[in-house]
Amino acid sequence: MPKSMSVVREAIAGDEADDAMAERVAAGQAKEQVKAGRKVLPIVEGVVLVAALLAPLVLQDYLTVFATRVIILALFALSFDLVWGYAGIMSFGQALFFGSAGYGVALLARDLDITNILLVLPAGTIIGLTFALLLGGFLLLGRHPSSVIFVSLGTLTGSYAADRLARGWYYLGGQNGIPSIAPMSLGGYEFTEGPAFYYLVLGILVVVYLLCRFLVRSQFGLALAGLRENEQRIAFFGYKAQHLKAIIFAIGGAIAGLAGSLYAFHEGFVWPNMVGVVVSTQVVLYVLFGGSGTLIGAVIGTVIVEGVSFWLSDNYREIWPIILGLLLLLVILFRPLGLISFVLGERERVGSFGARPKETERKTEKQTEKEKRNAAP
Amino acid sequence: MANAFVAAFEILSFGAIIVLIVLGLGIIASMMGIFNFAQGEFVLLGAYITYLAYAKGLPIWAGMVAAPFVVGALGFVLEALIIRRFYAAPIVAMLGTYALGLIIRESVRGLIGGFYLTVPEPIGGSIDIGATHISAWRFTIIVITLLVMAGCYLLLSRTSFGLRMRATLENPSLARASGISTPLMYGATFAFGSALAGLAGALIVPVFSLYADLGLRFLIQGFVAVMVGGVGSFIGPVAGAGVIGTLSAALPWVMAPVVADVLVFVLAIVFIKFRPQGLIAGKGV
């Protein structure tokens with residue numbers, strides 16, 4: 001596999017260069033900064049992290065509860081970003097994994113009295129993973145590669161069918177869902193809404209974020225980027241493109257499952273919308289707004305969309321969805337890389353993968369970092 | 001016997017409604033390669049215009065006749081302003097039309113509130129056949145669906161407009177070289193598809209009443225029908241719609257409605273997976 005890596009890298013570099021040309025005018029300022037050798041991404045990530053750490057200290061209690069929900073949704077958005085932004089699989093059914101994990105842990109709590117955090121969160125993750133493996137395996141694998149249209153409509157249909165099933169199935173509570181789920185517990189401690197829950201969720205988000213960051217910057221991430229830019233070329237290099245897709249789809253499902261189980265315990269109830277098309281499309285909105293193909297973009301998108309929606313919901317409840325639609329349309333037409341592209345240059349968005357081959361190395365921060373690493377042991 | 005007849009009529013009538021809704025979706029998907037997520041909202045707009053005519057005291061027929069023209073005109077404008085930019089990228093087109101649909105749906109929701117508004121049937125009463133009664137309006141819908149289907153087919157296969165439309169969509173550069181204005185043809189096709197959705201909305205509003213999520217309900221069924229039938233021809237999606245509509249209406253008679261509901265989608269997706277070209281493959285009318 002590593003043998004063909006440099007070829008892949010060049011192939012991607014070519015494609016990205018074309019994109020970069022088109023993007024140059026729009027992202028001129030961001031480019032300047034990159035040329036100067038400054039990296040924007042770690043700064044953005046740092047600012048977001050600090051803001052998230054300080055939030056419960058300055059926010060009132062009810063706002064902390066709201067912030068917790070946003071962080072959980074950001075985790076969910078991360079799962080979609082991984083699938084769409086990095087592997088180019090349009091999953092219109094991401095809520096299927098989010099919601100089924102939510103239902104799963106709600107049933108564990110209701111019927112078996114299992115609320116131990118060390119059991120329910122892995123359980124939710126595994127439920128998400130399993131469903132994603134099944135659906136992804138069915139939609140993506142096979143003798144002939146599936147068309148993008150089929151995959152996106154297939155996931156959409158799956159989510160819609162699950163919604164209908166949850167609504168009609170008495171065991172799952174029908175239209176009303178499963179109310180009053182007992183809080184998550186660890187030993188004798190119960191996680192109820194508030195700062196403790198907030199920091200728990202934030203900790204999980206940071207860990208998952210770092211894992212994703214490692215994943216998309218690894219050699220696997222490079223193959224994914226190749227997949228997104230030109231699937232056929234990657235297939236000709238001998239990669240099993242469909243397998244790569246199925247793997248990333250399953251990882252996305254697992255993260256969505258983790259988010260779904262946290263969401264179920266945080267809200268205290270699950271209801272059919274959680275598996276349905278509404279939530280599935282909501283997560284698409286977050287990621288498109290923030291900027292797909294950057295992990296931090298997904299987080300920022302979630303915070304902005306949810307934040308503004310919360311802020312406007314008192315006075316402009318009816319108008320907000322219309323504004324949201326208009327903004328989304330504008331973003332798709334004029335800022336296809338999302339809001340993050342105002343500060344982040346194209347080159348930095350694409351980034352670099354694993355260890356760079358010697359001959360292409362330039363005096364960049366990347367290299368100095370590497371030298372430091374080599375000098376360390 | 002009477003029961004079987006009622007069941008058959010129900011199935012036929014629902015099948016006709018799905019066909020009516022899928023016609024526009026299918027034409028846009030087959031001829032332009034765009035899966036229009038806003039199609040459900042065009043249906044909703046058609047229904048809303050009919051309601052508006054009724055609320056203003058005009059005859060309902062007037063609203064039903066106006067709906068396809070108004071929605072078609074809107075489709076033409078939207079195509080020129082927005083949809084045109086999406087032709088190269090099918091996924092972006094989905095997202096863009098989704099955003100459009102969101103705007104239309106929420107605007108209508110703002111206008112009508114969260115209510116279910118009823119519109120009376122322009123042809124009320126029932127048709128009595130022996131001991132059984134069937135709704136006259138649903139029967140009218142079946143007849144109109146058949147007429148519209150035949151009309152569309154003739155338009156696409158027999159007129160010079162249809163020929164130019166198919167030429168444009170099959171080979172745009174050759175069509176341009178032959179003196180056909182391709183931007184105009186794209187606009188006309190999209191407007192035509194939108195108009196059909198408007199008509200569908202206008203006709204079904206007495207059956208389903210008007211609410212903001214009216215279009216959403218049919219959108220996914222419509223997509224599945226288009227995929228089952230096969231993208232690329234006019235006949236394909238219609239056949240798919242017939243199959244999906246009939247199945248969705250027939251299965252609840254033999255099993256629990258929930259299971260039937262989900263089973264239709266599962267069967268459809270499995271079918272598409274193993275026969276991606278659909279029931280009727282190939283280009284043409």
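**Close-up views of a predicted two-chain model**

**Figure 1. Chain A, overall make-up.** In chain A, 80% of the contacts with a separation of 6 or more are between residues 24 or more positions apart. The model is predicted, and its scores are ipTM 0.84 and pTM 0.81. Chain A is built from 16 helices and two strands. Of its 377 residues, 46% count as buried.

**Figure 2. The largest nonpolar core, seen around L78(A).** This core holds 199 residues, and those that touch the most other members are A74(A), L75(A), A77(A) and L78(A). Helix α11 (residues 241–267) of chain A is the element that gives the most to this core, with 16 residues. Leaving aside residues up to four places away in sequence, L78(A) touches V208(A), Y209(A) and C212(A), and also I255(A), L295(A), A298(A) and V299(A). In soluble globular proteins, nonpolar side chains tend to be buried together.

**Figure 3. Confidence along chain A.** The mean pLDDT of chain A is 78, with 82% of its residues at 70 or more. Which elements of chain A have the lowest and the highest mean pLDDT? The lowest value, 48, belongs to helix α2 (residues 28–35) of chain A, and the highest, 90, to α11(A). Over residues 20–36 of chain A, pLDDT stays under 50, and the model has 18 contacts beyond four places in sequence for this stretch. A further stretch of chain A, residues 359–363, also has pLDDT below 50, with three contacts in the model beyond near neighbours in sequence. Where pLDDT is low, the predicted coordinates should not be read in detail.

**Figure 4. The contact between chains A and B.** Chain A puts 31 residues into the contact, and chain B puts in 30 residues. On the side of chain A that touches chain B, two or more residues come from each of α7 (148–168), α12 (277–290) and α14 (320–334) of chain A. The element that gives the most to this side is α7(A), with 13 residues. By residue class, the side of chain A that touches chain B has 20 nonpolar, nine polar and two charged residues.

**Figure 5. G110(B) and its partners in chain A.** G110(B) sits in helix α4 (residues 90–112) of chain B. Not counting residues up to four places away in sequence, the residues that G110(B) touches are E318(A) and I322(A). Along the chain, E121(B) is eleven residues from G110(B), and the C-alpha atoms of the two are separated by 25 Å.

**Figure 6. Chain B, overall make-up.** Chain B contains eleven helices and two strands. Read from the N terminus, its elements follow the order α-α-α-α-β-β-α-α-α-α-α-α-α. Taken along the principal axes, the C-alpha atoms of chain B fill a box of roughly 60 × 50 × 35 Å. The radius of gyration of chain B is 19 Å, which agrees with the value near 19 Å that a compact globule of 285 residues would have. Buried residues account for 49% of chain B. Of the contacts in chain B with a separation of 6 or more, 75% are between residues 24 or more positions apart.

**Figure 7. Confidence along chain B.** Chain B has a mean pLDDT of 85, and 98% of its residues reach 70 or more. Within chain B, confidence is lowest in strand β1 (residues 126–129), where the mean is 74, and highest in helix α3 (residues 60–81), at 90.

**Figure 8. Helix α5 of chain B.** This helix covers residues 136–158 of chain B, 23 residues in total. From its first C-alpha to its last, α5(B) reaches 32 Å, close to the 33 Å expected at 1.5 Å a residue. Residues of α5(B) that are buried include R138(B), I141(B) and T145(B), together with V148(B), C152(B) and L156(B).

**Figure 9. The loop residue S209(B).** S209(B) is found in the loop between α8 (182–208) and α9 (214–229) of chain B. Its phi is near 60°, a positive value in a residue other than glycine. Most residues other than glycine have a negative phi. S209(B) has 15 C-beta neighbours inside 10 Å and therefore counts as partly exposed.

Methods:
Residues numbered from 1 in each chain as written. Chains lettered and ligands numbered in written order. Contact = placed C-beta atoms within 7 Å. Helix = DSSP H or I, 4+ residues; strand = E, 2+ residues; numbered from the N terminus. Nonpolar A, V, L, I, M, F, W, Y, C, P; charged D, E, K, R; others polar. Expected span 1.5 Å × (residues − 1). Buried ≥ 20, exposed ≤ 12 C-beta atoms within 10 Å, placed from the backbone. Rg over C-alpha atoms; globule rule 2.2 N^0.38 Å. pLDDT = per-residue confidence, 0-100. Core = buried A, V, L, I, M, F, W, Y, C linked by C-beta atoms within 7 Å.
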